[in-house]
Amino acid sequence: MEKDPDNKDYHLQIWEKEYNQRKNLPSTKTDFPSRALRNFLEEIDPQNREIAVDIGSGNGRNSIYLAQQGYKSVIGYEFVENAVNLAIQKTKDLELDSRVKFYNQSVGENLEIADNSVDLVIDMMVMHSLTKEEREVLTRTVQRILNTGGYFVFYTIAAESEAAKDLMQKNVGPEENSYRFKVEDDWITEKAFTKDELISMFPQLKMVKIEDREEFTPAFGDVYKRLYYYGVFRKPN
Ligand SMILES: C[S@@+](CC[C@H](N)C(=O)[O-])C[C@H]1O[C@@H](n2cnc3c(N)ncnc32)[C@H](O)[C@@H]1O
């Protein structure tokens, strides 16, 4: 490994390649919103739909969906500039640009959002690709910006996943339950989570639910059977 695979610029370069060349991941290719997010809105049916924040908003599909589901203001943060530009263009085409804003910023840095001001924060498959330091910043941000009664909804990789265990055995990563795998010449690092770990990462939030989801994910020219966690946490009154 000639390059430091835990370097933030290296992570950015890999994600830039994903959007500009590889287009390997399902989330890069679809405008259809994440199932976990659709499930949350159907099952929980949150009443307060003023402000939502989309962590690692990618091509904007989930932010746009939230606006279409009645959130008055949605803010997406994404560190790949091309993805942000694509998402902004979509909001213009759909005439949602006054309500949905995208910022080209890393979620591993503090976000300029007031304390206790957001009704919903979503993280659809982002936490697992952050460094430990970035994730610590993110978990503080989520807990700080949520309103009392506000929800945090996530979808992430389960440490119990056979595929994750297999990858850990082959190439262990820098943290517990993390691993690395190679795509072309790049080393990708991911971290999987246990339920207890997810709960302990957000001490100011109460768990509403964490559910297992088994999926066959097409990516990098193969199909991966993996276990994911869909979680809903809430900031108590
Ligand atoms: C698997 S994709 C999911 C995208 C989006 N949440 C969705 O469901 O369509 C992960 C996204 O997180 C973004 N990302 C990774 N690390 C980031 C960081 N430190 N700051 C902001 N975005 C990041 C990637 O560029 C990518 O768009």
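How many nonpolar, polar and charged residues does the shell around the ligand have? By class, the shell has nine nonpolar, eight polar and three charged residues; Ala, Val, Leu, Ile, Met, Phe, Trp, Tyr, Cys and Pro count as nonpolar, Asp, Glu, Lys and Arg as charged, and the others, Gly among them, as polar. This is a predicted model, in which local features need pLDDT of at least 70 and side-chain atom pairs count only at pLDDT 80 or more, while totals for chains, interfaces and linings use all residues. Residues are numbered from 1 along each chain as its sequence is written, and side-chain values use heavy atoms, with hydrogens and water left out.

**Ligand surroundings**

- Of the 20 residues around the ligand, Tyr19, Gly56, Arg61, Glu78 and Val107 come nearest (near: a heavy atom within 4 Å).
- Helices α1 (8–22) and α4 (61–68) each supply at least two residues of the shell (helices: DSSP runs of H or I, at least four residues, numbered from the N terminus).

**Polar atoms at the ligand**

- An oxygen atom of the ligand is 2.6 Å from an N or O atom in the side chain of Glu78.
- Polar backbone atoms of Gly56 and Val107 each face a ligand nitrogen, at 2.8 Å for Gly56 and 2.9 Å for Val107.
- The protein buries 97% of the 590 Å² that the ligand exposes when taken alone (Shrake-Rupley method, 1.4 Å probe).

**Arginine 135**

- Arg135 lies in helix α6 (residues 132–145).
- Arg135 is buried, with a relative accessible area of 7% (buried: under 20%, 1.4 Å probe, protein chains only).
- The side chains of Arg135 and Glu175 are joined by a polar contact of 2.5 Å (a pair of N or O atoms within 3.5 Å; within protein, one must be able to donate a hydrogen and the other to accept it, and residues adjacent in sequence count only if both atoms are side-chain atoms).

Technical notes
Buried < 20%, exposed > 50% of the residue type's maximum accessible area, 1.4 Å probe, protein only.
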